[in-house]
Amino acid sequence: MQTRSRIHAQMQRVLNAYEDFRTIARERAIQPPVIFGGTAVFLCTRPEHFRPYATTVAMDLDLIISPDSRQQWSESLANHFEYEDTEHFRGWSLKLRRGEVDVDLMAVDEMRIPGFAGPVALRFDLRQFPPMEVVFGERTYLTLSPALHVAFKLLLWRGRRQGKHDPDDVTALLLCQPVSCEQLKQAIRCPPAYWPELFSILRDRVSLLARRHPQSAVERLYHELCEILQ
């Protein structure tokens with residue numbers, strides 16, 4: 001219980017850092033930034049499912065904005081976005097600090113997922129995958145579409161050895177915000193010839209989670225992935 005209370009308090013401090021951006025969005029009449037990463041998983045899932053083995057959380061906040069609003073955000077924050085085109089990311093980002101929280105504000109063109117035999121990427125298209133509204137503590141937050149979020153973390157698949165919680169986050173999201181195989185296919189970009197191999201990898205990863213959660217949305221996604229590979 002003490003661990004859960006500590007994590008809740010840490011997440012509340014991270015969410016407090018969001019208020020500056022909410023105020024700017026209201027003043028500029030633009031969409032508030034969309035939250036993703038661990039903070040979004042926390043908001044979108046039930047406490048009993050959120051990172052059950054974690055004793056603490058990173059004090060950071062990952063935010064996505066529409067590329068069309070980048071100039072307005074730059075002016076409001078009196079800071080410039082840096083363009084990146086790397087193995088992992090193509091787009092614009094601005095790193096800030098609010099109190100004890102590190103904030104990464106991004107206008108994403110493409111998130112690239114290295115380590116696969118073929119090129120695999122995600123486009124964080126907020127029109128194709130509209131953000132989800134979540135109410136927490138009497139405030140409304142915009143979080144990344146569960147389908148995009150599950151695809152992102154299922155592809156990265158980073159564990160506790162790397163200081164990450166992707167398998168736990170995928171499980172929690174699927175239990176609380178079920179995602180279909182078709183949605184994953186819409187979210188992921190890769191060469192058509194590579195789909196069978198990629199989906200085989202995703203099936204094997206979901207299989208590990210489904211064994212711990214039989215007769216759940218996790219197992220349903222596993223069976224969908226099996227069917228698509230037949």
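# Salt bridges, strands and pockets

Colleague: What does D85 count as, at 49% relative accessibility?

Modeller: In this predicted model, D85 counts as partly exposed, because its relative accessibility is 49% and exposed means over 50%.

Colleague: Which residue forms a salt bridge with D85?

Modeller: R112 does, with the closest N and O atoms 2.7 Å apart. That pair links distant parts of the chain: D85 is in strand β3 (residues 82-85) and R112 in strand β5 (residues 101-112), 27 residues apart.

Colleague: And E110, which side chain does that one meet in a salt bridge?

Modeller: The side chain of R189, at 3.1 Å from N to O.

Colleague: Is E110 buried or exposed?

Modeller: Buried, because its relative accessibility is 9% and the cut-off for buried is under 20%. R189 has a relative accessible area of 42%, so R189 is partly exposed.

Colleague: Which residues do salt bridges with shared partners join into one network?

Modeller: D85, R90, D109, E110, R112, R123 and R189. A search of the whole structure finds 21 salt bridges.

Colleague: Staying with the strands, in which sense do β3 and β4 pair?

Modeller: Antiparallel, over four bridges. The two strands form a hairpin with three residues between them. D85 stands opposite R90 in β4.

Colleague: Helices now. Which residue forms a salt bridge with R22?

Modeller: E19, with the closest N and O atoms 2.9 Å apart. Both residues lie in helix α2 (residues 19-28), three residues apart, about one turn of the helix. An α-helix has 3.6 residues a turn, so residues three or four places apart point the same way. R22 and E19 are both buried.

Colleague: How many residues of α5 are buried?

Modeller: In helix α5 (residues 146-156), 10 of the 11 are buried. Among them are the charged K153 and also H149, F152 and L155. The helix is followed by W157, whose phi is positive, near 55 degrees.

Colleague: Pockets. What volume does the largest pocket have?

Modeller: About 680 Å³. Its lining has 31 residues, with F36, D62, F152, R158 and K164 nearest the centre. The elements giving two or more residues to that lining are α3 (38-44), β2 (60-64), β4 (89-98), β5, α5 and α6 (166-176).

Colleague: Which element gives the largest share of that lining?

Modeller: β5, with four residues.

Colleague: How many residues of that lining are nonpolar, polar and charged?

Modeller: The lining of the largest pocket divides into 12 nonpolar, seven polar and 12 charged residues.

Colleague: And the second largest pocket, what volume does that one have?

Modeller: About 280 Å³. The second largest pocket is lined by 13 residues, and P67, F124, D125, L126 and R127 lie nearest its centre. Its lining residues divide into six nonpolar, two polar and five charged.

Methods:
Residues numbered from 1 in each chain as written. Predicted model: local features only at pLDDT ≥ 70, side-chain atom pairs only at ≥ 80, totals over all residues. Heavy atoms only, no water. Buried < 20%, exposed > 50% of the residue type's maximum accessible area, 1.4 Å probe, protein only. Salt bridge = Lys/Arg side-chain N within 4 Å of Asp/Glu carboxyl O. 1 Å grid on protein atoms, 1.4 Å probe; cavity = no way out; pocket = protein on both sides within 12 Å on 5 of 7 lines; lining within 4 Å. Points joined across faces, edges and corners; volume = space filled by probe spheres on them. Pairing = 2+ DSSP bridges.
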